[in-house]
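I opened the model to look up a few side chains, some backbone angles and the packing. My entries follow in the order in which I made them.

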Amino acid sequence: MQHLTLFTLAITLIATICLAKSPYQSVLQHSRIRGRQHGPNVCAMQKIQGTDKKYFTNCKQWYHRKICGKPTVISYECCPGYEKLSGEKGCPEILDALVSNVNIELLNALHYHMVNRRLTSEDLKHGSAFPSMYQDFNVHIHHYPNGIVTVNCARLVKTDQHATNGIVHVVDRVITAVTNNVHTFIDTDDDLETLRTAVAAAGLTQMLESDGHYTVFAPTNEAFEKIPPEMLKRILGDPVALRDLLNYHILKNMQCAESITSGTPLETLQGTVLEVGCDGSDMTLNGKAIIQKKDQLGTNGVVHYINELLIPDSAKTLLELAQGSVVTTATKLFVDAGLGSHLSGSEALTILTPQNEGVKMTGELKKLLKNHILKEQLSSGVLYHRQELETLGGIKLRVLVYRNSLCIENSCIAAHDKTGRFGSMFTVDKVLTPPMGTIMDVLKADDRFSLLVGAIQTAGLTELMNQAGPHTVFAPTNDAFSALPKADLNKLMGNPQELASVLKYHMAKEILVSGGVGSHTRLKPLQGDKLELNMRNQTVYINKVPVVEADLMATNGVVHAVGAIIKPTFKLSASLLDIIGKSKEISQDL
C-alpha cells in the first residue's frame with residue numbers, strides 16, 4: 001500500500017506571535033501536562049478572547065494568559081493524532097482513516113500538499129525540504145524558538161494524524177508552490193520600484209538571487225516617499241549608507257510571519273536588531289512600520305511588505321540621530337549657535353548632547369556648545385580613566401570612569417551610544433562645564449568662598465591647591481564659616497596647624513564628580529578617616545552634610561560647595577572639636 005503524507009487545510013487554528021523558548025515537541029508536551037487532569041491525550045490550548053485563534057501553551061504563556069496584551073482563555077482538546085471515544089475519559093482513540101477536509105475548490109492544489117512517503121512530525125526537521133506530488137516542487141519546513149513549525153510559511157497546527165494509508169499534518173492555510181527567488185518579487189512588483197532601484201545601486205542583486213534563507217522586509221514606494229527628500233537623496237547617493245539601510249531590512253534567517261514574535265529582537269545583516277511589537281491586530285517593527293503583505297515565499301527566503309522605511313543609525317548624520325529623541329532642545333541650540341554644518345556634514349566627530357531636562361538656558365550656554373563636540377568619532381566602550389579628549393573649541397576634556405558611571409568632566413553618559421554615518425552621539429545628563437583654571441582660581445573667582453580662600457592661605461595650602469592634582473575639594477561657603485561663633489572662628493583662623501587639619505579633611509587626592517557618587521561611596525581625605533558620601537534626591541551628602549552646588553570643574557580637580565564645616569572623625573584638640581561641633585549643630589538646625 002502506498003503511504004502518503006498530507007498537509008491539509010484547517011481554518012480554525014491560527015498561529016499567534018508570542019515568545020516561548022521550546023521547540024514544537026516541548027510545547028506539545030507542556031500542553032499535555034496541563035491537560036492530563038482531563039484524561040489521557042488531552043492538550044491544554046490557549047484561545048484569544050473574541051477570536052478563533054488557538055495555540056498550544058508553554059510555561060510562560062500559561063502564567064501570563066496574554067498574547068500581545070490580549071487576554072486568553074484555556075480550553076482542552078484532543079492532542080494531535082487522538083480523538084474522543086464515546087463513554088471514555090479523555091482522547092484514547094487513534095485516528096484510523098485518512099480523511100480530507102479540503103474544499104473542492106482546492107483540489108487543483110491538492111498534490112502540492114502531498115508528499116509520496118510517510119513522514120511523522122519527527123521527520124519534519126528544521127530546514128528540510130521534501131518534493132511534493134506536484135511537479136516535484138519542494139515543500140519547506142522551518143522550526144522556530146517559540147515552538148511554531150511552518151510548511152511554506154503556513155503554520156503546522158496539528159501533527160501526526162495517523163491513518164491506514166498515511167499521515168495527515170494540519171496546516172492553517174493553503175500552501176502555494178515556490179518557484180522564484182526573493183529578488184524576483186522585488187524585480188516584478190511595481191509597488192517595490194524604488195526598492196528595486198536601491199537594491200541595484202547597492203550591489204545586492206546577486207545576494208538576493210543566490211542560495212540562502214533570507215527574510216526581506218520590503219518597503220513599498222509609499223514608504224520611501226515618507227522620507228524627507230534631502231535625506232533620501234543623501235542616502236541613495238551614498239553607497240555605504242545605502243547598503244546599511246538595505247541590510248537593515250534583511251534578516252540572516254528566514255522568518256515566516258507566524259514565527260515573528262512580539263518583543264523579540266530580530267538580528268539584521270546590518271548588524272543591529274529590529275524590535276517587533278503589536279498595534280492592535282497589526283505587527284510592527286521598531287514601533288511604527290506595519291507589516292502589510294506577508295509571506296511572499298521564495299526559493300531562498302521570504303518577503304514581507306512594510307509601509308515605513310527603517311533607517312538605521314549608521315545611515316544617519318548626527319543631526320538626524322538627534323531628531324525625535326530626548327535631546328531635541330540641545331540639538332536646536334547647536335543649530336542656533338551656528339554648529340549645524342558640523343552635525344549634518346561628513347566630519348568624524350562625537351557630539352555630547354545633554355538630555356532635554358539637563359539643559360538650562362543661560363547666556364553662556366551657546367559659548368559652551370563648541371566644547372560639546374569632540375574632534376574624533378568615538379565609542380564609549382573604548383574610553384578609559386583620565387583620558388583626554390579635544391573639543392572643537394580647543395579645550396581638553398577628561399574622561400572619568402567610576403564603578404557605575406562613565407563621565408566626561410561633570411557630564412555623565414545617560415544612554416547607549418548612537419553611531420551615525422560619520423559621527424557618534426553620547427547622550428549626557430547635563431550641560432558640560434569645561435575646566436577653567438586651577439582649584440584656587442575657581443575659589444578666588446567665586447565670592448562665596450572668600451573666607452575659604454583666606455583660610456587656605458593662612459593654613460599654607462595655596463601651593464597644594466595650584467598643583468596638578470587631581471583633587472576633590474568640599475568647599476565650605478562663607479555661610480558655613482559664619483555659622484561659627486565669631487570668637488571660635490577667630491580662634492580657628494589663629495591656629496594654622498589646626499586649621500590645615502580641618503581643611504585637609506575637606507580635600508581628597510582624586511577627582512570625584514557628583515555623577516560618580518553612588519548610594520554608598522567612600523573617599524579618603526588628605527587627613528583623617530574616610531568620608532562617607534551618598535546621593536539622595538539628586539543631592540550629594542558628605543558625612544550627612546549636603547552639597548549646595550556640585551561640580552565646579554578645575555584643571556586640577558573639582559570643587560563641591562558645602563554649607564557647613566564637615567565634622568572630622570580624627571582627634572583634634574577639645575576646643576577645636578567643640579568649635580566644629582557648634583558649626584555642625586547650627587547647620588543642621590538650618
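**Ser424.** I looked up Ser424 and found it buried, at 1% relative accessibility. Ser424 sits in strand β29, residues 424-428. Helices (H or I, at least four residues) and strands (E, at least two) are DSSP runs, numbered from the N terminus.

I then asked what the side chain of Ser424 reaches. It makes a polar contact of 3.3 Å with the side chain of Gln377, and it comes to 3.0 Å from the backbone oxygen of Leu378. A polar contact is a pair of N or O atoms within 3.5 Å; within protein, one must be able to donate a hydrogen and the other to accept it, and residues adjacent in sequence count only if both atoms are side-chain atoms. With neighbours within four places in sequence set aside, the contacts of Ser424 (heavy atoms within 4.5 Å) include Leu318, Leu349, Thr350 and Ile351.

**Note on the model.** This is a predicted model, in which local features need pLDDT of at least 70 and side-chain atom pairs count only at pLDDT 80 or more, while totals for chains, interfaces and linings use all residues. Residues are numbered from 1 along each chain as its sequence is written, and side-chain values use heavy atoms, with hydrogens and water left out.

**Salt bridges.** I took a salt bridge as a side-chain nitrogen of Lys or Arg within 4 Å of a carboxyl oxygen of Asp or Glu. The count by this rule is 17.

I looked at Asp189 with Lys293, where the N to O distance is 4.0 Å. Asp189 lies in the loop between α3 (182-188) and α4 (193-201) and Lys293 in the loop between β19 (289-290) and β20 (296-298), so this pair ties together parts 104 residues apart in sequence. Asp189 is buried at 16%, whereas Lys293 is partly exposed at 37%.

Next I checked Glu267 and Lys252, whose closest N and O atoms are 3.0 Å apart. Glu267 is in strand β16 (residues 265-267) and Lys252 in the loop between β15 (250-251) and β16, 15 residues apart. Both ends are partly exposed: Glu267 has 44% relative accessibility and Lys252 has 42%.

Lys430 and Asp429 also form a salt bridge, at 3.3 Å from N to O. I noted Lys430 as partly exposed at 24% and Asp429 as partly exposed at 26%. A network of salt bridges links Asp172, Arg173, Glu258 and Asp295.

**Nonpolar cores.** Which residues have the most contacts inside the largest nonpolar core? They are Leu443, Leu452, Ile456, Met465, Leu503 and Val559, in a core of 29 residues. Such a core is a set of buried Ala, Val, Leu, Ile, Met, Phe, Trp, Tyr and Cys residues joined through side-chain atoms within 4.5 Å. Among the elements that each supply at least two of its residues are α14 (450-458), α18 (496-504) and β35 (545-554). Beyond its neighbours within four places in sequence, Met465 touches residues including Ile456, Val473 and Met507. Another core, of 28 residues, lies apart and has Leu208, Tyr214, Ala218 and Tyr305 among its members.

**Backbone.** I found a cis peptide bond between Gly469 and Pro470, with omega about 10°. Pro470 is in the loop between α15 and β30.

Asp160 is not a glycine, yet its phi is positive, near 55°. Asp160 belongs to strand β12 (residues 154-163) and is buried at 15%. Asn286, also not a glycine, has a positive phi of about 55°. Asn286 lies in the loop between β18 (282-285) and β19 and is partly exposed at 32%.

**Cavities.** I counted three cavities of 30 Å³ or more. On a 1 Å grid over the protein atoms alone, a cavity is a set of points where a 1.4 Å probe fits but cannot get out; lining residues have an atom within 4 Å of a point. Points are joined across faces, edges and corners, and a volume is the space filled by probe spheres set on them.

The second largest cavity has a volume of about 60 Å³. Its lining includes Ile186, Leu195, Leu208, Phe217 and His249. α4 and β14 (214-219) each supply at least two residues of that lining.

Terms used
Buried means under 20% relative accessible area, exposed over 50%, partly exposed in between (1.4 Å probe, protein chains only). On a 1 Å grid over the protein atoms alone, a cavity is a set of points where a 1.4 Å probe fits but cannot get out, and a pocket is an open set with protein on both sides within 12 Å along at least five of seven lines; lining residues have an atom within 4 Å of a point.
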